[in-house]
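Dear colleague,

Please find the structure below, handed over for your files. My notes on it follow directly after.

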Amino acid sequence: MVVTTIYVTRHAFRVSYTLNTATGEYHTNSPSPTNIPSDPPLAAYGVQQSHELALKLAKLDPPVDYLYCSPFYRCLQTLEPAVQNLGPGIRVRADNGIGEWYGIASFHHPSPATPAFLKSLFPSSFDDTYQPSLIPPPAGETVAQLHDRVAVALAHIIASVDAENTARDTSILLCTHAATLIAIGRTLTGNMPDDPNVDDFLAPTAGITKFLRKQDSKLDVSKPSGHGTAKSIGAVDWSNGHGVAGGWTCVLNGNCDHLTGGAERSWRFSGEETFGDLASGQKLVSTEAGKVLSLSGQVYRLARKSRI
């Protein structure tokens, strides 16, 4: 049996932070428990949203079997009430492959907290035995690279759960960020718009998007250990309608009926994001999403060997 349903949600309403684009310094007036300025907690309103989301997640059909999450604090905090409602044995697996998108910069963006530290913050819900699929480059990514990174991460998450469960079909919930959520929708369905800035997959805070698998074909994705350029991390042929793992159909898009305030703070792409002067040796290369390489010299760190 295989994964047949994927639910995706964006983290709830968070505290704001700012970035000095010249120096790469992040700042927030509400310190994060992780002590990382770009890793803020939820605002009080976001905590309310997380509880409303948890009630909805407990009633989903089919029910959620696995929780995967960006390793940033606001995503883990969003899922904390849901873990209590979904029953014993469910833990959150943090995967950097579905983490935040940062644009290309001449400096390094902050990384999320380590799994060991996150375990100390979420002792009963965080699965510190899970190894993420890959680690995005600290100097950021182009829009095309984000989509290809997400495709690789999804391919390995789906294949891993497929391999773990042979008795019955299963469902996954992914908690992530706005840009990553949009990329998840495009790479699962295989539908990359000519204009990446269009509103195709909606990303309101704590909304729910649902995908159903078209077929149960197995993946053929190679993934070396160690380090590699984006071209060597295991290209997934997701564009032109193919979709990751045989393709998926979106049957619910950014639904917020469970939230008192309805849909809020949705987001869409507005071109590339670049910060500061590009570092020496880095050059933006215009390529189509689905063709993998879009920045010369870019390096993705592979967290583990392929389980496929």
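Pro62 lies in the loop between helix H1 (44-57) and E4; helices (H or I, at least four residues) and strands (E, at least two) are DSSP runs, numbered from the N terminus. The peptide bond that leads from Asp61 into Pro62 is cis, with omega near 0°.

The model is a predicted one: local features need pLDDT of at least 70, side-chain atom pairs count only at pLDDT 80 or more, and totals for chains, interfaces and linings use all residues. Residues are numbered from 1 along each chain as its sequence is written, and side-chain values use heavy atoms, with hydrogens and water left out.

Ala206, although not a glycine, has a positive phi of about 60°. Ala206 sits in the loop between helix H5 (178-189) and E9, and counts as buried because its relative accessibility is 0%. Here buried means under 20% relative accessible area, exposed over 50%, and partly exposed in between (1.4 Å probe, protein chains only). Asn240 is not a glycine either, and its phi is positive at about 55°. The loop between strand E10 (226-229) and E11 holds Asn240, which is exposed, with a relative accessible area of 60%.

Next, the sheet. Six strands form an open sheet in the order E5-E4-E8-E1-E9-E11, with mixed pairing; two strands pair if DSSP finds at least two bridges between them. Strand E5 (92-94) and strand E11 (248-255) are the edges, each pairing on one side only. From one strand to the next the twist averages 20°. Helix H2 (residues 73-85) packs on this sheet and touches E4, E5 and E8, and its direction makes about 165° with that of E4. Contact means heavy atoms within 4.5 Å; axes are lines fitted to C-alpha atoms, for helices over the stretch in contact, and angles run from 0 to 180 degrees between N-to-C directions.

Within the sheet, E8 has two parallel partners. Strand E1 (residues 3-10) runs parallel to E8 and is joined to it by seven bridges, with Thr9 opposite Cys175. Strand E4 (residues 66-69) is also parallel to E8, through four bridges, and there Leu67 stands opposite Leu173.

Why is strand E8 (residues 170-176) largely enclosed by the rest of the structure? Seven of its seven residues are buried. The burial covers both faces: Thr170, Ile172, Leu174 and Thr176 on one side, and Ser171, Leu173 and Cys175 on the other.

On the surface, Leu212, Val251 and Leu252 make a nonpolar patch with about 210 Å² of accessible area together. Leu212 belongs to strand E9 (residues 208-213) and counts as partly exposed, at 32% relative accessibility.

Totals for the chain: there are five helices and 13 strands, and of the 308 residues 56% count as buried. The chain exposes about 12600 Å², with carbon and sulfur atoms supplying 50% of it; accessible areas come from the Shrake-Rupley method with a 1.4 Å probe, and for residues only the protein chains shown count as cover.

Regards

Notes: Patch = residues over 30% accessible without salt bridge, like charges linked within 9 Å, V, L, I, M, F, W, Y side chains within 5 Å. Salt bridge = Lys/Arg side-chain N within 4 Å of Asp/Glu carboxyl O.
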